Amino acid sequence: MKNKKTYRLFAILMVLFINVGSAIAQKSPQWVVYQGNEGPGKGKHIVFVSGDEEYRSEEGLPMLAKILAERHGFKCTVLFALDPNTNEINPDLQTNIPGLEHLKTADLMVMLLRFRELPDEQMKHIIDYTNAGKPIVALRTSTHAFSYSRNKQNPYAKYSYNSKVKGWEGGYGKQVLGETWINHHGVHAKEGTRALVNGLVKEHPILFGVKDIWTPTDVYGIVGLPNDAQVLIFGQTTMGMTPTSPLSFEKSVMPVAWIRSYNSASGKKAKIFTTTMGSSVDLLSEDLRRLVVNACYWGTGLEQQIPERNNVQLVGQYNPTMFGFGKYQRGLSPATFEWKK
């Protein structure tokens, strides 16, 4: 009898503990907002959507958002893949990114996603934004942002990276951004990327002040960008994981950053910038940060205000985690990234 009472009391305490934990999770912030200072971006709203298992978008995107808010005046909202029970960031959880309704007021979406399968009510915000013909800046694995492996009959399954649906072959990455996942052209985690600015378009405002980019992530394979795509930067494989590693002349160069126009469902043409660079450690490169910040200016119609050398100085400390599966920092939450001046 005594054991039964003890078990009953334990069960009650566990239920209370779970309920209290859920209540705390609900009250803590589910995203982070950086209100912009003075600058060209004042009055513009950028929504950053993070959610990948490998390249630490949950670290890199808040860093970029702080720069764009503090140095350039944009209001920036950063969303994360969250465990709904604890409100902790869990990049391995592919089915929850709260706050996507902020896209309703966004002037630009910056995304770094990989193989997400979001609930319909969340996915709808991304597709509504895309269909409205609004601009997108897409980083690294966004070429394969979605993968509907759990429910292949879902209406949104056509956006999967491996879609065979007529008109949506290659999914969101191919049809909207310009390419889907193909392969690792470089040797993953052993070879890096040396960026080569396309000299034929070196006067493009996105390239202002962009001269020296090396990233530890490897070059992705590209088999066919759309006809309207304009390659800004090619990538050559480096035989090693340091900036001074020799170039591999046995492998062809591949596009690693391009722009295009997407003919949206609304009839409006969306400005698209995509780069297959952009992991958290890639963004230690000052000129890569400058490339992305310039792309945000371009996407929001501020290309005439891009200076010769945009300010991309870090705001606060930035010590990114090396890419890799299962290597994300535990215990992080949106509150971790709040900027307290």
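In which sense do β6 and strand β7 (residues 214-215) pair, and over how many bridges?

## Strand pairing

In this predicted model, β6 and β7 pair in the antiparallel sense over 2 bridges, where pairing requires that DSSP finds at least two bridges between two strands, and R194 stands opposite W214 in β7. Strand β6 (residues 192-197) also runs antiparallel to strand β8 (residues 230-238), to which 6 bridges join it, and the bridge partner of A195 in β8 is G235. Strands (E, at least two residues) and helices (H or I, at least four) are DSSP runs numbered from the N terminus.

## Helix α3

Helix α3 (residues 120-131) has 12 residues and reaches 16 Å from its first C-alpha to its last, close to the 16 Å expected at 1.5 Å a residue, the expected span being 1.5 Å times one less than the number of residues. The helix is followed by G133, whose phi is positive, near 75°.

Buried residues (under 20% relative accessible area, 1.4 Å probe, protein chains only) in α3 are Q122, M123, H125, I126, I127, Y129 and T130. The buried residues of α3 pack against β4 (108-113), β5 (136-139), α4 (171-177) and β9 (254-263), with contact meaning heavy atoms within 4.5 Å.

## Basis of the values

Residues are numbered from 1 along each chain as its sequence is written, and side-chain values use heavy atoms, with hydrogens and water left out. Because the model is predicted, local features need pLDDT of at least 70 and side-chain atom pairs count only at pLDDT 80 or more, whereas totals for chains, interfaces and linings use all residues.

Terms used: Buried < 20%, exposed > 50% of the residue type's maximum accessible area, 1.4 Å probe, protein only.
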